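Morning, everyone. Please look at the chain on the screen while I talk.

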Amino acid sequence: MNEIFKMFKIDIAESEKISKTENEPHNHDFEELLIGKYGQLEHFIDFKSQLISAPFVSFIAQGKVHQAKPLILDGKCDIWAIRFKREFIAETVFSCILLITKRRMSA
């Protein structure tokens with residue numbers, strides 16, 4: 001992926017297109033968040049396969065070997081994919097969250 005951030009919708013047509021392509025377990029150089037409003041996701045990750053029905057949120061870390069197949073359920077498929085490079089979310093954001101969490105735990 002060349003962009004630092006990309007978001008797109010997987011609808012019925014896109015789901016059917018994906019199901020007709022070779023979709024082997026793979027990894028990539030970006031983080032990915034899949035948010036399902038309608039439909040299902042057949043997801044192979046950590047050497048386990050599971051079928052998730054919407055609503056769902058699935059996070060795939062950069063470099064993680066996985067296979068995701070969006071599926072139509074009850075004639076519907078509405079899944080959003082958000083892909084981003086690690087540098088899209090500044091390190092300082094995570095540092096602040098960690099600091100706040102540590103302070104709350106020690107209080």
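Predicted model: local features only at pLDDT ≥ 70, side-chain atom pairs only at ≥ 80, totals over all residues.

Residues are numbered from 1 along each chain as its sequence is written, and side-chain values use heavy atoms, without hydrogens and water.

Salt bridges. The structure holds 5, each a side-chain nitrogen of Lys or Arg within 4 Å of a carboxyl oxygen of Asp or Glu. Take Arg86 and Glu31: their side chains meet at 2.9 Å, N to O. The two are 55 residues apart, with Glu31 in strand 2 and Arg86 in the loop between strand 7 and helix 2. Helices (H or I, at least four residues) and strands (E, at least two) are DSSP runs, numbered from the N terminus.

Buried or exposed, where does Glu31 fall? Glu31 counts as buried because its relative accessibility is 8%; the cut-offs are under 20% for buried, over 50% for exposed, and partly exposed in between, with a 1.4 Å probe and protein chains only. Arg86 is partly exposed, at 49%.

Next, Glu32 with Arg83, 2.8 Å between the closest N and O atoms. That pair joins strand 2 to strand 7. Glu32 is buried at 5%.

Arg83 also lies among the residues nearest the centre of the largest pocket, which has 19 lining residues. By class, 9 are nonpolar, 5 polar and 5 charged.

Note on methods:
1 Å grid on protein atoms, 1.4 Å probe; cavity = no way out; pocket = protein on both sides within 12 Å on 5 of 7 lines; lining within 4 Å. Nonpolar A, V, L, I, M, F, W, Y, C, P; charged D, E, K, R; others polar.
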